[in-house]
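Please open the model in your viewer and keep the selection panel at hand. The tour below moves from one selection to the next.

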Amino acid sequence: MSKKEAVETSESQIAVHWEEEQYFYPSPTFVGQANLTDESVYDRFSLDNFPECFHEYAELLDWDKYWNKTLDTSDAPCWKWFTGGRLNVSYNCVDRHLAKNANKTAIHFVPEPEGEKIDHITYQELYIRVNEIAALLRDFAGLKRGDRVTIHMPMSAELPITMLACARLGVIHSVVFGGFSANACADRIVDSQSRVLITMDAYYRNGHLLNHKVAADEAAEISAKQGQVVDKVLIWQRYPGKYSSKTPLVEGRDVIVNEKIKEFYGARVKPESMKAEEPLFLMYTSGTTGKPKGCQHSTGGYLAYAAGTSKYIQDIHPEDVYWCMADIGWITGHSYIVYGPLALCASSVIYEGVPTFPDAGRSWRIAQDLNVNIFHTAPTTIRALRKLGPDEPAKYSFKFKHMTTVGEPIEPEVWKWYHREVGKGVAIIVDTWWQTETGGFLCSTIPGIKPMKPGSAGPGVPGIHPIIYDDEGQVIERGSGRAGNICIQNPWPGQFQTIWGDRKRFVDTYFSRYCKNSESKDWRDWPYLAGDAAMEAEDGYYRILGRIDDVINVSGHRLGTKEIESAAMTVDEVAEAAVVPVAHDIKGKEPDLYIALKTGVQPSVELQEKISAAVCSQIGKIAKPRKVWLVPDMPKTRSGKIMRRVLGAISNNKDVGDVMTLANPDVVEVIKGMIKN
Ligand code: PRX
C-alpha cells in the first residue's frame, strides 16, 4: 500500500458530510453590551504573545502575591502557571465581592418540587456559610491543606458551599456526580485516598425523594475492602433539621452537618494563601481503559481561565442571572456554575431536578421567574426539550441574550430549533468544545465578534491554538476541511496538571503520540492530544466529529456516527438518534441506527424506510443503516448521555454488562426483545 493510500484510509480520515451552514450574526443589541468586541484580542493572544497574554485572565483575580513567572516548563509536560503567585479561590469567589455586592444573590437554589420555596443566597450569606463549614471541616473533621476529600452530593446549594469551604482551607475536593453508583464513588475514594466523605441524605428526582445516604454506606464498605477507610461521613440534610433517609446513621462515623455546624456558628476562617500551582480539585473522567482518571486542576491557572472564559465567552456581567443546567458533579458545573460565575460576582442558578419535570415547560418557568438571561445546556437536553415540548418556550416570557451548547456535536437541525424557539431568534449561541481535562473552553466563537455557524464550534478561543494531525504525524493543512486528530499546540492556564498519582498515564495518553522530543522543556514540542476527530473549514471554524474511537469504518469509508445521526434527525418525526457499529463479514462494520420518535408519532415500516432513505440521500448509500430500530426510549446515563455501548452490545449480540446505573434500565430488555424478534 502506498503512503498516500495509507493516509487516506487512516483513522483520521473520517468522511464529513454535514453541509456547511449559513452564518447567523449577533444582534447589535447583544454586541452593544458584550464584554469583548475588539477583534484585536486575537492578536493579543497570538502565539507570538504567548504565554504573557494570559496576564489578562490572571488580572481578573485578586492575588495575595503576584506571580513572577507566567509559565514554568521545567517539568514538561506538567506545566505550572503563574508560579511565585499566591491566592485563595474562596476569597476570590466570595470575600472580595462583599464590599460592593454583599446583598446580591450569589446562588438561586431551585428545588425540584414546584411548590417549594426557592432559596436566594446572597454573597453575605454565602460568606457566612462557607466560613462555618470550613471551620467544621478543619476543627471537627481534621482536614488540612493538601488533604483530599470526596464529595458525593446532588445538586444543592450546599454542594458549592462545601467546595468553596474546601478551597478556603486548601483541601483538594473530588466531587463525584450524585447520580453515580456507590461503586463509582468508592473507586474515587480509593484513588484519591480520601478519609472523609461528604454526602446528603436525600434529593428529588422526577418527583421522588431518593435515598442518597445509602450510597455512602456502600461506598465506604467497598473502599474499606480496597484498603481505604472512610472514618467520617458528613451528611447534609435536604430539609435542614429533618433526616430524610431511611438508612440509619453509623455510630462514631456519621455526623449530621446541619447539627454539628451549630458549634461553629459565627466562625471565621482565614483563607489559606495557596501557591498558584497547588491543586484545587480532582475531577475523575473515563478514558479508554476501565480505571477513571483523576484530572488534577490547579488553583491560579484554573481560576484565571474559568473566570476569563466566563467573562468573554459566556459574556457574564455581574448583573446577569446565569443558569447552567449541567450538574456540578461534572467539569461544566465546576467551571461554569460555580467557579467562573462566582469569581465574576454573577448570580448562578442551581436546579435540583429534571428539566422536564413535571412537564416540558418547567425549565422555561424557572427562566421566566428568575429573569435568567444567560442559559447553558447540552445537546442531549435540548433534544429532550424539543421532543417533549417543541412549542413550550413560546408560552413563556423569558428572554435569553446568550445560550451555550456543550458536550457533544449538535446537529444543525437541533441547533436551529434552539436558536429559533428557545433563543426566540435573538439570543446568540456559543457551541463550546472542551473537556474535563481542559478546565475551560477550547473552541467557540467569541459571541460579540464572530458569527455563529450551526454544527461548528468555532475557532480556538483566545490563546488556544489548535492544530490537526493525521495518523502519520503530518499536519493537515489549515482550512482544508480534512478530518484528523485535533491537538492544541500550546499549554493554557486551565489545562489539568496531571492524572492524580499517574504521571506516566498522563504523558502517554495526552502527549506521547505527537511529542517531538520527550526530553524537551519547550512547550512547542508537546502538542496536547484531545482525543477527538475534527476538521477546520476555510473560515477557521472547527467542527468536532466525535471521539477518535466513535468512528465506523464501512467498507473502508470512515463515517462519524454523529453525521449519520444528524442525517436521521432531518426527518421530522425523529426525536433522537444513535448509531452503533455492527460487525459485518465483508464491509467490516455496518451502522445500526436506533431512533426514538417524537411524542405521539407511531412507529411504522414506512417511517423506517423514510429514515433509511434520508441517511442515504444525505450521505450516500455507503452509510445505509443495516437496520433502523424504532425504540421507545434510548438507554441513558443519569446525566442524560445515550449509552451507545449498551446499544452496540445488543446489536452485536454481546453481553450488555451492568445496566443498573442507567436512568432507565428497563428499556434495555425491551430493546433486546425487539431485536431478537
Ligand atoms: O468529544 C468531545 C465532546 O465531549 C468530550 C469531553 O467530554 P467531557 O470530558 O465529559 O466534558 C464535557 C464537557 C466539557 C470531548 O472530547 N464534546 C465536548 N464539547 C463538545 C464536544 N463535541 C462536540 N462539540 C462540543 N461543543
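**Charges over rings**

Select Lys232 together with Phe140, where the charged end of Lys232 sits over the ring of Phe140 at 5.2 Å from its centre; such a contact is counted if NZ of Lys or CZ of Arg is within 6 Å of the ring centre and within 35 degrees of the ring normal. This is a predicted model, in which local features need pLDDT of at least 70 and side-chain atom pairs count only at pLDDT 80 or more, whereas totals for chains, interfaces and linings use all residues. Residues are numbered from 1 along each chain as its sequence is written, and side-chain values use heavy atoms, with hydrogens and water left out.

Go next to Arg238, whose charged end sits over the ring of Tyr239, 4.7 Å from its centre.

**Stacked rings**

Now show the rings of Phe375 and Phe400, which form a stacked aromatic pair with 4.9 Å centre to centre and 5 degrees between the planes; rings of Phe, Tyr and Trp (its six-membered ring) pair if their centres lie within 6.5 Å, and planes under 30 degrees apart count as stacked.

Then select Tyr469 and Tyr514, an aromatic pair that is stacked at 4.4 Å centre to centre, with 15 degrees between the planes. Both Tyr469 and Tyr514 are buried.

**A ring cluster**

Finally, select the cluster linked by ring pairs, whose members include Phe45, Tyr57, Trp63, Trp81, Tyr305 and Trp523.

Notes:
Phe/Tyr/Trp six-rings, centres within 6.5 Å; stacked < 30°, edge-to-face > 60°. Buried < 20%, exposed > 50% of the residue type's maximum accessible area, 1.4 Å probe, protein only.
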